[in-house]
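Student: Could we go through this structure together, one topic at a time?
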Amino acid sequence: MKISKLIPVAPALLFLTACAEPVPEDDGLPGLPVEVTEELIAMVEPTQSLSSVRILPEDGCYWYRYSGPVETTYLPLRTTEGRRICSEQAAEIAAAAEAERLAAEAAAADAEAAGLGT
């Protein structure tokens, strides 16, 4: 095939790829995404990213998304003294939210199995 025939096709392909919907990222991490409060900001060691913070129901601690040169992972959010930031109340809230999410997934699976899926 000649290159002169491919030149008009290239802009069309670029146009079509611009119409594609972005796929939401699923990090697979359980827990509850939380809004970062001023109180939390005051406690946190400043080199940690607060753009994506979660509370895990297993430990009741805050975790933040760390994007390193090789991988992206969640690490425990720490104070300026190096201590993990945890809360019993936060653990209860996160556990309740996780249980609610699992119940909704189970109900959707049951509905689909019964032929009532959307």
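The conversation below moves from the overall fold to the sheet, the disulfide, the salt bridges and the pocket.

Student: What kind of model is this?
Tutor: It is a predicted model.

Student: How many helices and strands does the protein chain have?
Tutor: The protein chain has four helices and four strands. Along the sequence they follow the pattern α-α-β-α-β-β-β-α.

Student: And what share of the residues is buried?
Tutor: Of the 118 residues in the protein chain, 20% are buried.

Student: On to the sheet. What is the strand order?
Tutor: The four strands make an open sheet in the order β1-β2-β3-β4, with antiparallel pairing. β1 (32–33) and β4 are at the edges with a single partner strand each, so one side of each has no neighbour in the sheet.

Student: What holds paired strands together in general?
Tutor: Strands of a sheet pair through backbone hydrogen bonds.

Student: How many bridges join β2 to β3?
Tutor: Three bridges join these antiparallel strands. Within this pairing, valine 53 is opposite tyrosine 64 in β3.

Student: Changing topic: how many disulfides does the structure hold?
Tutor: There is one disulfide in the structure. Cysteine 61 and cysteine 86 form it, with their sulfur atoms 1.7 Å apart.

Student: Which parts of the chain does that pair tie together?
Tutor: Cysteine 61 is in the loop between β2 and β3, and cysteine 86 is in the loop between β4 and α4, so the pair ties together parts that are 25 residues apart in sequence.

Student: Why is the disulfide called right-handed?
Tutor: The torsion about the S-S bond of cysteine 61 and cysteine 86 is about 85°, so the disulfide is right-handed.

Student: Are the two cysteines buried or exposed?
Tutor: They fall into separate classes. Cysteine 61 counts as buried because its relative accessibility is 3%, and the cut-off for buried is under 20%. Cysteine 86 has a relative accessible area of 40%, so it is partly exposed.

Student: Next, salt bridges. How many are there?
Tutor: The count comes to three salt bridges. One of them joins the side chains of arginine 84 and aspartate 59, at 2.7 Å from N to O. This pair links distant parts of the chain, 25 residues apart. Arginine 84 is in the loop between β4 (72–76) and α4, and aspartate 59 is in the loop between β2 (53–55) and β3 (62–67).

Student: How accessible are arginine 84 and aspartate 59?
Tutor: Arginine 84 has 36% relative accessibility and so counts as partly exposed. Aspartate 59, at 30%, is also partly exposed.

Student: Which residue does glutamate 105 meet in a salt bridge?
Tutor: The side chain of glutamate 105 meets that of arginine 101, at 2.4 Å from N to O. Both residues lie in helix α4, four residues apart, which is about one turn of the helix. Glutamate 105 counts as partly exposed at 43% relative accessibility, and arginine 101 as partly exposed at 38%.

Student: And glutamate 81?
Tutor: Glutamate 81 forms a salt bridge with arginine 83, and their closest N and O atoms are 3.6 Å apart. Glutamate 81 and arginine 83 are both exposed.

Student: Last topic: how much space lies in the largest pocket?
Tutor: The largest pocket holds about 230 Å³ of space. Its lining has 14 residues, and Thr37, Glu39, Leu40, Ile55 and Tyr62 lie nearest its centre.

Student: Which helix gives the most to the lining?
Tutor: α3 gives the most, with three residues. Both α3 (38–43) and α4 (88–113) supply at least two residues each to the lining of the largest pocket.

Notes
Residues are numbered from 1 along each chain as its sequence is written. This is a predicted model: local features need pLDDT of at least 70, side-chain atom pairs count only at pLDDT 80 or more; totals for chains, interfaces and linings use all residues. Side-chain values use heavy atoms; hydrogens and water are left out. On a 1 Å grid over the protein atoms alone, a cavity is a set of points where a 1.4 Å probe fits but cannot get out, and a pocket is an open set with protein on both sides within 12 Å along at least five of seven lines; lining residues have an atom within 4 Å of a point. Grid points are joined across faces, edges and corners, and a volume is the space filled by probe spheres set on the points. A salt bridge is a side-chain nitrogen of Lys or Arg within 4 Å of a carboxyl oxygen of Asp or Glu. Buried means under 20% relative accessible area, exposed over 50%, partly exposed in between (1.4 Å probe, protein chains only). Two strands pair if DSSP finds at least two bridges between them. A disulfide is a pair of cysteine sulfur atoms within 2.5 Å.
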